[in-house]
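Here's a quick briefing to read alongside the sequence and the model. Have both open as you go.

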Amino acid sequence: MGELRVDNLAKRYGARRGHGGGAGLRVFDDLSFSIADGEFVSIIGPSGCGKTTVLNLVAGLDAPSGGRIMVDGKAVDRPGLDRGIVFQEFALFPWLTVSENVAFGLKSMGVPAQERARKASHFVDLVGLTQFAGYYPNQLSGGMRQRVGLGRALAIDPSVLLMDEPFGALDAQTRVAMQNALADIWLETRKTVLFITHDIRESIFLSDRVIVLAGRPSQIVLDLRIDIPRPRNRHDAKFQDHEATLELAISGDASARAG
Amino acid sequence: MASIQTGRLAKPVVRDFSESLWRRLWTDFVYVAVPIVVVLVAWELFARFGGVPAALFPSVGAVFRALVAMAAEGTLWADIAGTFVRLLKCVIVGAVVGTPLGALMGYFRSWERALVVPLNFLLAVPGTALFPLTMLWFGLSEMAILSILFYEVVLTVMANTWTGVKSIDLSLIRAGRAFGATGTSLFWRVLLPAALPSIISGYRLAFSRAWRILIIAEMLVSVGAGLGYRLYWARELFQTDVVYAGLLVVGIVGLLFERVVLRTAEAMTVNRWGTVRVLD
């Protein structure tokens, strides 16, 4: 199971009395969306639209100013092992090997050592790092590091997988390779995924639905279903239609603000 | 992290031992040996023809004879052991006290605010400046030395651990929390290992500071055995060759310990942790 519900979520920063009317920065006031079990949903939007903030709130790494977040009917108020996070900056533990990194969450769950090693090796295989299980993160390339990050998040068998611009720090070719790898892994695991990105094509390639966040305070300006059959082809005609629609939704907001 | 090297996949490098290694060892040897030989030759020439009395500037041979005599008598080993035992005692006890205090300062704002002023004040007071005080307290005894060394080690270790913990990559802490490490398990599984390279370089720094102070301290207090003690008494007895031999031993022992033991320990963590930092 893995269902995510976000209801009337609000986040404000730096609200101080007697300072700019006391409002501070309103990232969003009233954000609601939900992700069904096994659904892959991307949030895209211009930088500063608060998409990473949404992920941090769902992750429980930051506290909302209002509203609530439910994972499988349970309210989120702190980080938890029902959510697996893949960080943009990888955030691997450099003193642990690839398989120890992957097993980190399993250890927190109290999985016995033998079982842990077995599971870790399964997920190391799944992300394609079988030969590198004993390597340390600083011996790996950027793409391989993020594979470790993905393995670490999948290993705890989370209800929801949260990915914060996971390929944003990679070069263009590696990014495409990682998108392909993630699409394959997703078809195999069918996890519920909340994926944050600023890359329109990436969101179309991977997602069942793409949510466009824009404005300030930001709101959902488009919730687009991507009905291209998987495995997907980036040169599909529908692909370009969606790309145009999403581009318009994002730039439409930009011109609205400029006007 | 600007230090991420993408696209680089480190594989174990298989060295060609047959030729390149021997060649490399040979060039290393030449670079080390040539300056030493030059200095020794210049020294010997100056001692013989420089017109300086042997009592002030003994020949190379005389210094080595003194060294051999010290080794044969056993005083050399006793002195090295004496100095080292003092150093180890203080560094171990100092690290045990200093590391947790520095860690508390790094993790808890309240500890930091309470200790930052005293720490910075004490860091500005050189350990050697406390000699008059410790001599008053403990007399011309072992404790007068140990207390100063302890003081220096605790402060150095505290300062390094504190800054080390404060500079932990925040994303590692977030990742630790996200993957179920909280409270004490966050401390042992994430915070401590993440700060380890800074903590170890603090130990290395503490060692080299303590070493400097210790040699001086042993001159001021009669302790029976110790490299500084030996140097001082050789002067009192006008054994110039022993003074030179003692200096040689201080240099070699200090160098070996610093380079071989401490630097290796630091290099191991730095390599593993992937910090791209050039070791001095």
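Predicted model: local features only at pLDDT ≥ 70, side-chain atom pairs only at ≥ 80, totals over all residues.

Residues are numbered from 1 along each chain as its sequence is written, with chains lettered from A and ligands numbered from 1 in the order in which they are written.

**Chain B overall**
- Chain B has 10 helices and zero strands (both are DSSP runs numbered from the N terminus: helices are H or I with at least four residues, strands are E with at least two).
- Its radius of gyration is 24 Å, well over the 19 Å that the globule rule gives for 280 residues, so chain B is more spread out than a compact globule (the radius is taken over C-alpha atoms, and the rule is 2.2 Å times the number of residues to the power 0.38).
- Along its principal axes, the C-alpha trace of chain B spans about 75 × 60 × 30 Å.

**Domains of chain B**
- Chain B splits into domain 1 (17-51) and domain 2 (56-273), with bounds that come from an automatic or database domain assignment.
- The C-alpha centres of these two domains of chain B sit 31 Å apart.
- Six residues of domain 1 of chain B are in contact with four residues of domain 2 of chain B (in contact: C-beta atoms, placed from the backbone, lie within 7 Å).
- On the domain 1 side of chain B, the residues touching domain 2 are four nonpolar, no polar and two charged (Ala, Val, Leu, Ile, Met, Phe, Trp, Tyr, Cys and Pro count as nonpolar, Asp, Glu, Lys and Arg as charged, and the others, Gly among them, as polar).

**A helix pair in chain B**
- The axes of helix α3 (residues 75-107) and helix α6 (residues 142-166) of chain B come within 6 Å and cross at roughly 35° (axes are lines fitted to C-alpha atoms, for helices over the stretch in contact, and angles run from 0 to 180 degrees between N-to-C directions).
- By class, the contact of α3(B) with α6(B) has 20 nonpolar, eight polar and three charged residues.

**The sheet in chain A**
- Six strands of chain A form an open sheet in the order β6-β7-β8-β3-β9-β10, with mixed pairing (two strands pair if DSSP finds at least two bridges between them).
- At the edges are β6 (83-86) and β10 (219-225) of chain A, each pairing on one side only.
- Strand β9 (residues 209-214) of chain A is joined to β10(A) by six bridges, and the two run antiparallel.
- A:A214 stands opposite A:Q219 in β10(A).
- Helix α5 (residues 142-155) of chain A lies across β6 and β7 (160-164) of chain A, running at about 175° to β6(A).

Note on methods
Contact = placed C-beta atoms within 7 Å.
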